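Please keep the sequence and the model in view while working through the numbered points.

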Amino acid sequence: MSKINCFLSSNTPGVWEETMAELIASKLVNRIYLFGQERPAELEDCCGFIPTDGKFSTQTIRKIADHSNGADFSLILTLETRIRFGLLALERFLELASSTGAGMIYSDFYDSAEGKLMAHPVIDYQTGSLRDDFEFGPVLLFNSSVLVRAVAGITESLEFGGLYQLRLKVSQQGLPLRIPEFLYSVETLDTRVSGKKMFDYVDPKNRAVQLEMEKAVTTYLKETEAYLEPVFEDLEFEEDSFPVEASVIIPVLNREKTVADAITSAMSQECDFEYNLILVDNHSTDRTTAIVKELALTYPRLIHVVPERRDLGIGGCWNVGIHHPRCGKFAVQLDSDDLYAEKDTLQLMVNAFYEQQCAMVVGSYQMCNFQLEEIPPGVVDHREWTPENGRNNALRINGLGAPRAFYTPVLRRINIPNVSYGEDYGVGLAISRHYQIGRIYKPLYLCRRWEDNSDASLSVEAQNKHNVYKDRLRSIELAARIKLNATG
């Protein structure tokens, strides 16, 4: 029967002992290796210790590969917490790994908190599952020979990105396989809601980590012929004639508490060009429509559009706005519950098109509560998006930032996916395939976080649905870029 070598971190005493005891009791386990900065005082005969830097660095992954010999499979526990395996769970992992030949296997699991188990499904891996924070759960089973080959192909040494490098390399030999069964439970460590977790990667203290992850994904894209050089198509900004230089686009549905603030913010912009506001009211059922109609009497440049269609998401509403005959040369985003930070925001974004020769501009924003008081993480500037490598790094991150503005002729050719999550990311990826995306690092936008935000507190199932869609967008974009590189 096939055997497993197990690897788990031992940096925190009192956490790993129960899990290790469970592994020792299994007849499927060949040997267990603890790794970390300090050797535990006592180890069972079937256990060994691997001195490492305490992180999942490239060096740590190489040492794991060196000790994976002697067993057909290698089990790596990636999170230092209490993990309890379900009935015959290791047998199930091993059975599917052996029968399918998959290089890497993971499964759904339970969160364990206060004696209760809560289902935590994960999602299937796609070619576009390139996010470094893709959630596998903390239990990964590798085919040892696949693991060794993958590690042998890693050429860069990273301090934080070793595990990310490993799974990108393994995926080149075959996509990781998900078992849609709850095979173990994990003691919950992070109980924050989704709206707070989603900004961890833009925290300045994580900047060094982000730069390493960018290196890893760039190497992967080059190896898979999906990398794009920083060479972009030219723009003249004279393709068509437009009634105004710019249009602020606001899709809205049931935002009676905030829509007046958004409209006033847009109408207060001071520019040296003509602009208007196209508000696409997606059949609101609260007082939103009445509020907009009343404000339209005050602001002649406010164009209130109620689409005939009732099958529109946010992206569909955007398409209604950009194809409106009164849409300007540049279409500039404003969400219905947010505000522009200053009166020169629109001017700065339009200037950026001409100064940076780009088809899309992405600004920076400041997080605030409903009362417009700053809240963590403060300013979000997405500095991981750079002209030099942004179009490649965009395939790793989960969003391109805000506020966004577009050169209307380009946007009309591509159009925006008719969905209400990820539509901006999808069109941004498509634009970046051919055109430069400009950046403004000054905060231009006050992004309100409150209970009615669409991503303030999402269930695991809702987060999974969003992530599946964004992974699919990346899969599509990868295929398009590989084809583009092949045909020239």
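1. The model is a predicted one. D471 is likewise counted as buried, at 0% relative accessibility. The side chains of R474 and D471 form a salt bridge, with the closest N and O atoms 2.7 Å apart. Both residues belong to helix 15 (residues 460–487), where they stand 3 residues apart, about one turn of the helix.

2. Salt bridges that share partners also join E18, R82, R84 and E187 into one network. Within it, the side chains of R82 and E18 meet in a salt bridge of 3.7 Å, taken from N to O. This pair links distant parts of the chain, 64 residues apart: R82 is in the loop between strand 4 (73–77) and strand 5 (83–85), while E18 is in helix 1 (residues 17–25). R82 is partly exposed, with a relative accessible area of 24%, and E18 is partly exposed as well, with a value of 44%.

3. How many salt bridges does the structure hold? The total is 23 salt bridges. Another of them is formed by the side chains of R92 and E95, at 3.4 Å from N to O. R92 and E95 are separated by about one helical turn, because they are 3 residues apart in helix 3 (residues 89–100). R92 counts as partly exposed at 25% relative accessibility, and E95 is partly exposed with a relative accessible area of 46%.

4. Is H324 buried or exposed? H324 has a relative accessible area of 17%, and it is therefore buried, the limit being under 20%. This histidine is placed in the loop between helix 10 (314–322) and strand 13 (330–333). Leaving aside residues up to four places away in sequence, H324 touches I278, I303, V305 and R412.

5. E233, D234, E236 and E238 form a negative surface patch. One of these residues, E236, lies in the loop between helix 7 (207–223) and strand 10 (246–252). E236 is exposed, with a relative accessible area of 62%.

6. Which residues does the cis peptide bond with omega of about 5° join? The partners are P376 and P377, and P377 is located in strand 16 (residues 374–380). The peptide bond from A402 to P403 is also cis, with omega near -5°. P403 is found in the loop between helix 12 (390–393) and strand 17 (404–407).

7. The last point concerns backbone angles. L88 is not a glycine, yet it has a positive phi of about 55°. L88 lies in the loop between strand 5 and helix 3, and it is exposed, with a relative accessible area of 53%. E114, which is not a glycine either, has a positive phi of about 55°. The location of E114 is the loop between strand 6 (104–113) and strand 7 (116–120). With a relative accessible area of 82%, E114 is exposed.

Key
Residues numbered from 1 in each chain as written. Predicted model: local features only at pLDDT ≥ 70, side-chain atom pairs only at ≥ 80, totals over all residues. Heavy atoms only, no water. Salt bridge = Lys/Arg side-chain N within 4 Å of Asp/Glu carboxyl O. Helix = DSSP H or I, 4+ residues; strand = E, 2+ residues; numbered from the N terminus. Buried < 20%, exposed > 50% of the residue type's maximum accessible area, 1.4 Å probe, protein only. Contact = heavy atoms within 4.5 Å. Patch = residues over 30% accessible without salt bridge, like charges linked within 9 Å, V, L, I, M, F, W, Y side chains within 5 Å. Areas by Shrake-Rupley, 256 points an atom, 1.4 Å probe, with all protein chains shown as cover. Lys, Arg positive; Asp, Glu negative; His and termini not counted. Charge placed at Lys NZ, Arg CZ, Asp CG, Glu CD.
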